[in-house]
Amino acid sequence: MATFPSKILAVFLAFLLLTFAPLIIVSLVQDIRTERITWNALTDYTDIVTDKGVLTENDYREFVAKLGSTGLDFEVSVLAKNKMVMPDGSGNFTIKYVSSGLWKSSTGGILNNVYLEAGDSIQVIIKPLSQTRASALLQGVLKLHTNNTEYSYAATVRNDGDLYV
Amino acid sequence: MNRFFSAVLFFPPMLIVILMLSLLQYQTEASTEMYEIMVRDCADAANDAAIQEALRTVNSDIYGRVSLDVEQVWHVYKYTFLTGMNIYSERNMELFDSYCPATVI
């Protein structure tokens, strides 16, 4: 017959397994859901801006609120780039995108509305500042250092912003 | 009875190892899938940008001849895709060209 400590150890290990397995699985599923919510919020916001052609404080706040529903902290950067088509003298044209600077970030930025023209580009970058529960668990249990995914998305403005003034 | 308890003692660690390996695999698959979604969406956005650029710049003369600067449209596609992926640089624009040259239909 197995010794008493062995039995205790077996029961303890079984308990650990029964407790942590569902916890880790739920965390991982939640992690994936968070990623999807973040990405959908990002693409939705970019679509709204490119449709309207204007960067507004209201849309930005709604976007940040959606991100907040994931329970994580994010650093958000919104970059608006104006398209310039320059003739090179030989009948051809060169396209350049000129950034007027960072429109908005979680640490501040320009507050006024920015009106864009059709053809301009907008880029939104999101960096998670806090760790998800699953990556914290993986780091704690397996000593795996998972890098937080940085989300970036860009799109071209479809309509002139002054249409919505 | 002895054997039974030895087996009992053996199973939990084995299950924990199997569980951890499964979780790792699950995590890797989830990351890959997320990356695929991101690339696909960025490609969609680039495609949309290229179509808009084509519609804006297409020129039709009084004889019905249609002309379009394909290079310009292609430039917008590459720029939007690479910016979306946050890997835009002049070097990457050239690399993109050599891997995926534009095809004029």
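A polar contact is a pair of N or O atoms within 3.5 Å; within protein, one atom must be able to donate a hydrogen and the other to accept it. By that rule, eleven residue pairs, both members at pLDDT 80 or more, are in polar contact between chain B and chain A. The structure is a predicted model.

**Where the chains meet**

Chain B brings 37 residues to the contact, and chain A brings 44 residues. About 3600 Å² of area is buried between the two chains, and carbon and sulfur atoms give 68% of that area. Three residues, B:Gln27, B:Met34 and B:Tyr79, supply 15% of what chain B buries against chain A, more than any other three residues.

On the side of chain B that touches chain A, two elements give two or more residues each: helix 1 (2-57) and helix 2 (70-84) of chain B. The largest share comes from helix 1 of chain B, with 27 residues. By residue class, this side of chain B divides into 23 nonpolar, nine polar and five charged residues.

**Salt bridges**

Side chains of opposite charge can pair when their charged atoms come close. Over all chains, the count comes to ten salt bridges. Between chain B and chain A the count is three. A pair that joins the two chains and a pair that belongs to chain A are set out below.

| Residue | Partner | N to O distance |
|---|---|---|
| A:Lys83 | B:Glu53 | 2.4 Å |
| A:Asp47 | A:Arg158 | 3.7 Å |

Both pairs count as salt bridges because a side-chain nitrogen of Lys or Arg has to lie within 4 Å of a carboxyl oxygen of Asp or Glu. A:Asp47 and A:Arg158 meet through their side chains. This pair links distant parts of the chain, with A:Asp47 in helix 1 of chain A and A:Arg158 in the segment after strand 7 (151-156) of chain A, 111 residues apart.

**The second largest pocket**

The second largest pocket holds about 410 Å³ of space. Its lining consists of 19 residues, and those nearest the centre are A:Phe93, A:Thr94, A:Ile95, B:His75 and B:Met93. Strand 3 (93-105) of chain A, helix 2 of chain B and helix 3 (90-99) of chain B each supply at least two residues of this lining. Helix 2 of chain B gives the largest share, six residues. The lining of this pocket divides into seven nonpolar, four polar and eight charged residues.

**The cavity**

The count of cavities of 30 Å³ or more comes to one. About 70 Å³ of space lies in the largest cavity. The residues that line it are A:Ala41, A:Asp44, A:Tyr45, A:Ile48, A:Asp59, A:Glu62, A:Phe63 and A:Lys66. Helix 1 (4-52) and helix 2 (57-68) of chain A are the elements that give two or more residues to this lining. The lining of the cavity divides into four nonpolar, no polar and four charged residues.

Methods
Residues numbered from 1 in each chain as written. Chains lettered and ligands numbered in written order. Heavy atoms only, no water. Contact = heavy atoms within 4.5 Å. Buried area = accessible area lost by both parts, 1.4 Å probe. Polar contact = N/O pair within 3.5 Å; in protein donor to acceptor, adjacent residues only side chain to side chain. Helix = DSSP H or I, 4+ residues; strand = E, 2+ residues; numbered from the N terminus. Nonpolar A, V, L, I, M, F, W, Y, C, P; charged D, E, K, R; others polar. 1 Å grid on protein atoms, 1.4 Å probe; cavity = no way out; pocket = protein on both sides within 12 Å on 5 of 7 lines; lining within 4 Å. Points joined across faces, edges and corners; volume = space filled by probe spheres on them.
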